[in-house]
Amino acid sequence: MGHPRFFDFHCDTITREKGATPDVSDFFLHPGSGVSLTDNGFHIDLNRLPRQWDWAQVFAVFVPDEFRGQAAVDYFERCAAAFGAELERQKDLIRQVRTSGELEETLAKGLRGAVLAVEGGAALGGRLPMLDRLWEAGVRMMTLTWNAKNEIGSGSESQEGLTPFGREVIRRMEELGVMVDVSHLNDPGFWEVAKMARRPFLATHSDSRAVRDHSRNLTDEQFKVIRDMGGVVGINFCTMFLADVEMGRRDVTPDQLMAHILHFLDLGGEDCIVLGSDFDGATLPAFLNGAESLGDLREVMLSAGLGETLADKICFQNAIDFWKRYENTTL
């Protein structure tokens with residue numbers, strides 16, 4: 001085989017908290033924090049990644065449910081600016097990419113690829129023109145909600161579907177080319193997205209509800225819709241979504257994680273399973289200590305009998321193929 005390749009569709013490293021109980025706006029890349037993408041001790045540390053890997057990461061600006069309106073807009077701007085400044089400092093290691101072609105060119109130069117995303121459409125502040133601002137900043141995916149209700153719709157801890165504004169947002173996202181991410185969206189909202197979507201959509205970090213009955217996971221029917229639309233589903237490493245364990249428990253086994261992958265494969269998901277780790281945003285199993293553990297996860301897949309071709313599709317190829325497929329979809 002060639003050198004390992006990994007493309008992970010979700011992490012919260014931009015807004016990783018610096019302490020045990022920080023203010024929600026005290027994200028770790030804030031100017032003056034003294035923390036960077038290297039030597040940080042977090043799940044994603046560029047210095048711990050093997051140099052021979054091709055590695056790309058979707059970095060999400062997570063907007064907490066405490067922020068709405070202009071406060072959410074300002075929060076996004078602070079995070080995006082801090083992240084941009086950090087990428088400039090680390091330009092010999094990692095570059096922001098805005099297209100699949102840019103990603104391939106960046107990896108070919110031996111650099112890491114960073115894709116900017118938003119987790120929580122509250123970042124728009126309820127204003128449609130903010131989508132153009134996100135696009136200009138390089139945002140290429142947006143998780144519509146977090147767990148509660150925002151101006152777009154309702155998350156997994158609430159009951160309503162999309163709002164009229166939310167339907168406008170989805171139409172504009174598809175026009176611009178910002179991928180619609182249904183992770184965290186509740187079931188009514190999911191089915192509204194499925195009904196109106198003209199481009200493939202995705203769930204960046206969601207597991208199987210048939211394997212672990214949790215509202216943050218996808219039903220078989222939802223997975224099949226994403227599959228049939230040409231979308232992808234990112235396997236979330238959060239222990240609570242993988243198995244019936246209490247918050248903070250790390251004793252989820254490789255077999256319990258593989259159960260989600262194998263179930264999705266049984267549903268015909270060979271081309272639509274990707275990685276959606278939730279690095280720096282969740283409690284992970286003990287065998288996954290950070291992005292450098294992705295090689296171990298690949299070995300778990302091989303030990304489970306997936307074979308190198310299928311393991312490599314899940315680790316990298318399905319993700320970039322989806323991005324190309326999305327870019328080439330005409331409205």
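Buried means under 20% relative accessible area, exposed over 50% and partly exposed in between, using a 1.4 Å probe and protein chains only. Keep that in mind as you click around.

**Before you start**

This is a predicted model, in which local features need pLDDT of at least 70, side-chain atom pairs count only at pLDDT 80 or more, and totals for chains, interfaces and linings use all residues. Residues are numbered from 1 along each chain as its sequence is written, and side-chain values use heavy atoms, with hydrogens and water left out.

**Stop 1: V245**

Select V245 and show its side chain. V245 sits in the loop between α7 (239-242) and α8; helices (H or I, at least four residues) and strands (E, at least two) are DSSP runs, numbered from the N terminus. V245 has a relative accessible area of 17%, so it counts as buried. Leaving out residues up to four places away in sequence, V245 touches T239, M240, D251 and V252, where contact means heavy atoms within 4.5 Å.

**Stop 2: the whole protein**

Zoom out and colour by secondary structure. The C-alpha trace spans about 50 × 45 × 40 Å along its principal axes. With 331 residues, a compact globule would have a radius of gyration near 20 Å, and the 18 Å of this protein agrees with that; the radius is taken over C-alpha atoms, and the globule rule is 2.2 Å times the number of residues to the power 0.38.

Of the 331 residues, 60% are buried. Among contacts with a separation of 6 or more, 70% are between residues 24 or more positions apart.

**Stop 3: colour by confidence**

Next, colour by pLDDT, the predictor's confidence in each residue, from 0 to 100. The mean is 93, and 94% of the residues reach 70 or more. Where should you be careful? Select residues 18-27, where pLDDT stays under 50. The model has 18 contacts beyond four places in sequence for this stretch. Where pLDDT is low, the predicted coordinates should not be read in detail.

**Stop 4: F7 and the core**

Which residues have the most contacts inside the largest nonpolar core? Select F7 and M142. This core has 110 residues; a nonpolar core is a set of buried Ala, Val, Leu, Ile, Met, Phe, Trp, Tyr and Cys residues joined through side-chain atoms within 4.5 Å. Helix α10 gives the most to this core, with 10 residues. Stay on F7 and show its surroundings: beyond its neighbours within four places in sequence, its contacts include A56, V58, L103, V115, L275, F316 and W323.

**Stop 5: helix α9**

Select residues 294-303, which form α9. Here L294, G295, L297, R298, V300 and M301 are buried. An α-helix has 3.6 residues a turn, so residues three or four places apart point the same way. The buried residues of α9 pack against β1 (5-11), β2 (54-62), α8 (254-266), β8 (273-275) and α10 (308-327). Just after the helix, G305 takes a positive phi of about 95 degrees.

**Stop 6**

Most residues other than glycine have a negative phi, and most peptide bonds are trans. D39, though not a glycine, has a positive phi of about 55 degrees. You will find D39 in the loop between β1 and β2, exposed at a relative accessible area of 63%. H184 is not a glycine either, and its phi is positive at about 80 degrees. H184 is in the loop between β6 (179-181) and α5 (187-196), and with a relative accessible area of 6% it is buried.

**Stop 7: L87**

Move to L87 in helix α1 (residues 70-89). L87 is buried, at 7% relative accessible area. Its contacts, not counting residues up to four places away in sequence, are L37, I94, Q96 and A114. L87 and L37 are 50 residues apart along the chain, yet their C-alpha atoms are separated by 8.5 Å.

**Last stop: the cysteines**

How many disulfides does the structure hold? There are 0, a disulfide being a pair of cysteine sulfur atoms within 2.5 Å. C272 is in no disulfide either, as the nearest cysteine sulfur, that of C315, is 15 Å away. C11 is buried at 0% relative accessibility, and C272 is buried at 4%.
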